[in-house]
Amino acid sequence: MKIWRGEGSAGEHVEYVVPIDAGMVVLDVVHRIQATHAPDLAVRWNCKAGKCGSCSAEVNGAPKLMCMTRMSEFATGEAITVSPVRTFPLIKDLVTDVSFNYEKAKTIPPFKPKPKDPDGKRRMYQEDVDRVQEFHKCIECFLCQDVCHVIRDHEENKPSFSGPRFFVRLAALEMHPLDTNDRLDLIRAKHGLGFCNITKCCTEVCPEDIHITDNAIIPLKERVVTAQYDPIAWALRRIRRTGPALPAPSVPPSKEPPSA
Amino acid sequence: MVPERRDLWWLEPLVIVVVLGTFVLYSVYAGLANANYFYEPYLSPLYSPCITANCVHPHLPIVGSYWNLSPAILIVAFPLAFRVTCYYYRRSYYRAFFWAPPACAIPDARKSYAGETRFPFLIQNLHRYALIFATLLLAFLWWDTFLAFNFNGRFGIGLGSLLLLTNVVLLSGYSASCHSLRYLVGGYLDSFHRASLRYRLWSWANWLNARHARWAWASLVVVGLTDLYIRLLSMGVLTDLRIVF
């Protein structure tokens, strides 16, 4: 196995030869190398079950979770290359600085629920839960962010493009039946939805099988079209604005919960 | 930057270039030929609806006999716009022709990239209008298919009838599985509660949409094959297999 060793921008692939056992995954081999050959090898990991999203890397050039990549996928004797994710700055060996994602997360307006029903409760219906449930499977491994060519190949786009993970988050909020925040202009102008050319690589690498492009990004694009580009939708909005004011909601506003 | 991928990542863009390129070249030839597009009772889908007076099989002769060019030129913009702005085809041709990117984790061909934020790619946002026009054309294709089972007043089934039927079913499936349609029939709602019809329509559109790529490719290939079959019949190269009752 050839593993990227280095800090900052300097480094190279270093080859290690270790025996493997049946059932091992790439992360197991990395740990064996760490235990037997390279105790200073830096690797981020946690659950070893594909649920924490920590061990993202590029195995033979493909963005993957190391803990979910079985060694049996490779032919006997095949050289396996393990590199850090390329989209984010390298800290050391296989560990990168993914703080870009946390900064982007801060720019998303949080959930702002509707007032409660007269009985003091808020209700969601199963069909509405089903749609947004998919988005909540995200484990924040950032493989979709890594593979997205908008920021992977064009560093200059990072300030104006948030990436697929945050379109999933934004879709979950925008389609939430109880949310009242309107983020559509923000999605277009600040999060850069128009940069996405829907080449679906984010969907291909998602270890949770979230249909990022079809179910999050494209529906968001359609909502942005209605809000920004569709001339008939624009005309209808103009007509409605000049029409009679809508009656005030009969439900009195209630005190909002301290947090979402 | 040298990609580390060692698999056959180039195969998919290559296949797309070959299949899509072949279809485009063939349809340009067939559309401009202005001949061999009708063989009783079959009309090529590339020429439907025929809206010129000079057409061999006019549907709506709203364009007078002054138009001597191919009638296909007048209608090709609608199905073309539908395919060009289609979310699935965008994925395919951005990868295969623009190399943006050619495959996942393979570097883009260009140094700068603005996606669909600028003209002309901003026009992609009007896909829903292309859907509406393409759907209107479907009505003519269904009518052509109905006529394709009528052999001089007698019901019959020919290979051409079956091809036209397959073609219109696939094109209808392609339109019904459209991402924009899924949005327009109900996807725009935040809550489906108290919108049971729209929820049902959205659910069906969802099911179809998950297979949108298959509808897209199958309908593309069959449109070309249907035109080719009718063209070869009209040229006398083939004889139609048919049973007339």
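**Figure 1. Polar contacts between chain A and chain B.** Between chain A and chain B, 36 residue pairs are in polar contact, with both residues at pLDDT 80 or more. The structure shown is a predicted model. On the side of chain A that touches chain B, at least two residues come from each of strand E4 (62–65), strand E5 (81–83), helix H3 (126–133), helix H5 (149–152), helix H8 (201–205), helix H9 (212–229) and helix H10 (231–242). H9(A) contributes the most to this side, namely 10 residues.

**Figure 2. A salt bridge between Glu116(B) and Lys221(A).** The closest N and O atoms of Glu116(B) and Lys221(A) are 2.9 Å apart. The count of salt bridges between chain A and chain B is seven.

**Figure 3. The area buried between chain A and chain B.** In this view, 50 residues of chain A are in contact with 45 residues of chain B. The two chains bury about 4,000 Å² between them, and 49% of this area lies on carbon and sulfur atoms. Arg86(A), Arg131(A) and Glu222(A) supply 16% of the area that chain A buries against chain B, which is more than any other three residues supply.

**Figure 4. The largest nonpolar core, with 39 residues.** The residues with the most contacts inside this core are Phe135(A), Phe161(A), Phe167(A), Ile187(A), Ile212(A) and Ile217(A). Two or more residues of the core are given by each of H5, helix H6 (164–174), helix H7 (184–189) and H9 of chain A. H6(A) provides the largest share, seven residues.

Figure 5. When neighbours within four places in sequence are left aside, Ile187(A) is in contact with Phe167(A), Leu170(A), Glu174(A), Gly192(A), Leu193(A), Leu220(A) and Val224(A). A second core of 33 residues is separate; among its members are Ile3(A), Cys55(A), Leu94(A) and Leu143(A).

**Figure 6. Leu208(B) in helix H8 of chain B.** Helix H8 of chain B spans residues 196–209 and contains Leu208(B). Leu208(B) counts as buried because its relative accessibility is 18%, and the cut-off for buried is under 20%. Not counting residues up to four places away in sequence, Leu208(B) touches Ala176(B), Ser177(B) and Trp215(B). Asn34(B) and Leu208(B) are 174 residues apart in sequence, and their C-alpha atoms are 35 Å apart in space.

Conventions
Residues numbered from 1 in each chain as written. Chains lettered and ligands numbered in written order. Predicted model: local features only at pLDDT ≥ 70, side-chain atom pairs only at ≥ 80, totals over all residues. Heavy atoms only, no water. Contact = heavy atoms within 4.5 Å. Buried area = accessible area lost by both parts, 1.4 Å probe. Salt bridge = Lys/Arg side-chain N within 4 Å of Asp/Glu carboxyl O. Polar contact = N/O pair within 3.5 Å; in protein donor to acceptor, adjacent residues only side chain to side chain. Helix = DSSP H or I, 4+ residues; strand = E, 2+ residues; numbered from the N terminus. Core = buried A, V, L, I, M, F, W, Y, C linked by side-chain atoms within 4.5 Å. Buried < 20%, exposed > 50% of the residue type's maximum accessible area, 1.4 Å probe, protein only.
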